[in-house]
There are 2 protein chains.
Amino acid sequence: MHTDFENYLAQQTDLPQETIRYISSLATARRAHRNEALLNAGEVCRHKIFIVSGLLRTYHIKPDGNEHILQFSNQHTWTLDVESYDKQIASLVNIAAVENSEVLMWKKPDFDLLLRDIPELKQFSERLISRNIYSNRNRILTILSGTPEERYADFVDAFPDYLSRMPLRMVAGYLGISLKTLTRIRHAQQQREAGIMDK
Amino acid sequence: MHTDFENYLAQQTDLPQETIRYISSLATARRAHRNEALLNAGEVCRHKIFIVSGLLRTYHIKPDGNEHILQFSNQHTWTLDVESYDKQIASLVNIAAVENSEVLMWKKPDFDLLLRDIPELKQFSERLISRNIYSNRNRILTILSGTPEERYADFVDAFPDYLSRMPLRMVAGYLGISLKTLTRIRHAQQQREAGIMDK
């Protein structure tokens, strides 16, 4: 797992190999089975997580039991509950594995020191934060303005492999629509596609 | 306008008065009438904007003419289209005044130099970015999981003065619901309140 991360960081930055190995050495490797939680709502998010392989989801469960998914985190991306991590307060969200996954985890005090001591890691981290800001803004716009059909089409475009990697209820929980609506959209689409094939 | 900003920055940071005056001196003051645009979709966002007084909105217009509001920016907050500004690419959103407003604007090259040369301004800026990330995440969760009634109640709680400062269609555009639904929710609420008053 550590080697995989070191290759990723060498590709993404100009950090010297020695520094990369040092950053990597401070991380703890962990395997998470499908559905296993890495963070539960109510706990403090104490780690920055890098996904070596697999897929995680960040979600919130409402009192009525409905699950709403803020974000999926694919391999070679980072995740955490940023507000809980920054302020060391209880998290409102859960982070769990969608499929069997391997992650590296840094404790906050360790990663804070890395950011302080390695300016290029700090710059890299700022680029990731910026990308996250862009994608959150676009997500707000999509949820606000897209019809369920448009939101589903965007999802399939953006993440063509996710449909086969998770149950439909998670797709619905990400799109903010009911499983019933999602099933209806998919059925209508299949009908249209079958119609085109017949011609 | 400049004095108002200087007082704000003196309250929010420990920057020396001289530095604050220097930061302020690089800004251009501008008045925007109600509905006047400060940024149009398709243009590059070239300025960081501080709202001295008034209220701005950041919004997107779909081809069907519907307006979806990403964000309101009240006095003593900052705004820009972050992706357009960072990358100097065409913006997907518009920024316009909801009511007569006064703003200060810094050109990107000037503000970049300030951030490079004044570490405490950079730290302050990072704190603002973090707050923005938290609020965007919470907004995604609210839109995904809240019923229209809950979203309206949250809005009134969070921004008690906004209802009297803007037309209802903007509130609907922010909540991601139709004006018809919003009117129905408000009517039902008034009925309930009238019922309570009768007892």
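**Note on the predicted two-chain model**

1. Asn35(B) lies in the loop that links β1 (28–32) to β2 (37–39) of chain B. The model is a predicted one, and in it the phi of Asn35(B) is near 75°, a positive value in a residue other than glycine. Because 11 other C-beta atoms fall within 10 Å of its own, and 12 or fewer is the limit for the exposed class, Asn35(B) is exposed.

2. The corresponding point for chain A concerns Asn35(A), which is placed in the loop between β1 (28–32) and β2 (37–39) of chain A. Asn35(A) is not a glycine, yet its phi is positive, at about 75°. Asn35(A) counts as exposed because it has 11 C-beta neighbours inside 10 Å.

3. As to overall architecture, chain A contains 8 helices and 6 strands. Their order along the sequence of chain A is α-α-β-β-β-β-β-α-β-α-α-α-α-α. The C-alpha atoms of chain A occupy a box of roughly 60 × 40 × 30 Å along the principal axes.

4. Burial and contact range may be considered together. Chain A has 199 residues, of which 29% count as buried. For contacts in chain A between residues at least 6 apart in sequence, 69% join residues at least 24 apart.

5. Which residues have the most contacts inside the largest nonpolar core? They are Val103(A) and Val103(B), and the core itself has 68 residues. Setting aside residues up to four places away in sequence, Val103(A) touches Arg30(A), Ala32(A), Leu38(A), Ile49(A), Phe50(A), Ile51(A) and Val52(A).

6. At the interface, 21 residues of chain B are in contact with 21 residues of chain A. On the side of chain B that touches chain A, at least two residues come from each of β4 (67–74), α3 (82–87) and α5 (119–145) of chain B. The largest share of this side, 12 residues, is supplied by α5(B). By class, the residues of this side of chain B are 9 nonpolar, 7 polar and 5 charged.

7. From α1(A), the contact draws on His2(A), Phe5(A), Glu6(A), Leu9(A) and Ala10(A), while α2(A) contributes Ile20(A), Arg21(A), Ile23(A) and Ser24(A). These residues divide into 5 nonpolar, 2 polar and 2 charged.

8. In chain B, helix α1 (residues 2–12) packs against helix α2 (residues 17–25) at an angle of about 135°, with 10 Å between their axes. That angle makes α1(B) oblique to α2(B). The crossing of α1(B) with α2(B) is right-handed. The residues in contact are His2(B), Phe5(B), Glu6(B), Leu9(B) and Ala10(B) on α1(B), and Ile20(B), Arg21(B), Ile23(B) and Ser24(B) on α2(B). The contact of α1(B) with α2(B) comprises 5 nonpolar, 2 polar and 2 charged residues.

Conventions
Residues are numbered from 1 along each chain as its sequence is written. Chains are lettered from A and ligands numbered from 1 in the order in which they are written. This is a predicted model: local features need pLDDT of at least 70, side-chain atom pairs count only at pLDDT 80 or more; totals for chains, interfaces and linings use all residues. A nonpolar core is a set of buried Ala, Val, Leu, Ile, Met, Phe, Trp, Tyr and Cys residues joined through C-beta atoms within 7 Å. A residue is buried if 20 or more other C-beta atoms lie within 10 Å of its own, exposed if 12 or fewer, and partly exposed in between; C-beta atoms are placed from the backbone. Two residues are in contact if their C-beta atoms, placed from the backbone, lie within 7 Å. Helices (H or I, at least four residues) and strands (E, at least two) are DSSP runs, numbered from the N terminus. Ala, Val, Leu, Ile, Met, Phe, Trp, Tyr, Cys and Pro count as nonpolar, Asp, Glu, Lys and Arg as charged, and the others, Gly among them, as polar. Axes are lines fitted to C-alpha atoms, for helices over the stretch in contact, and angles run from 0 to 180 degrees between N-to-C directions. Angles under 35 degrees count as roughly parallel, over 145 as roughly antiparallel, 65 to 115 as roughly perpendicular and the rest as oblique. A crossing is left-handed if the near helix is turned anticlockwise from the far one by less than a right angle, and right-handed if clockwise.
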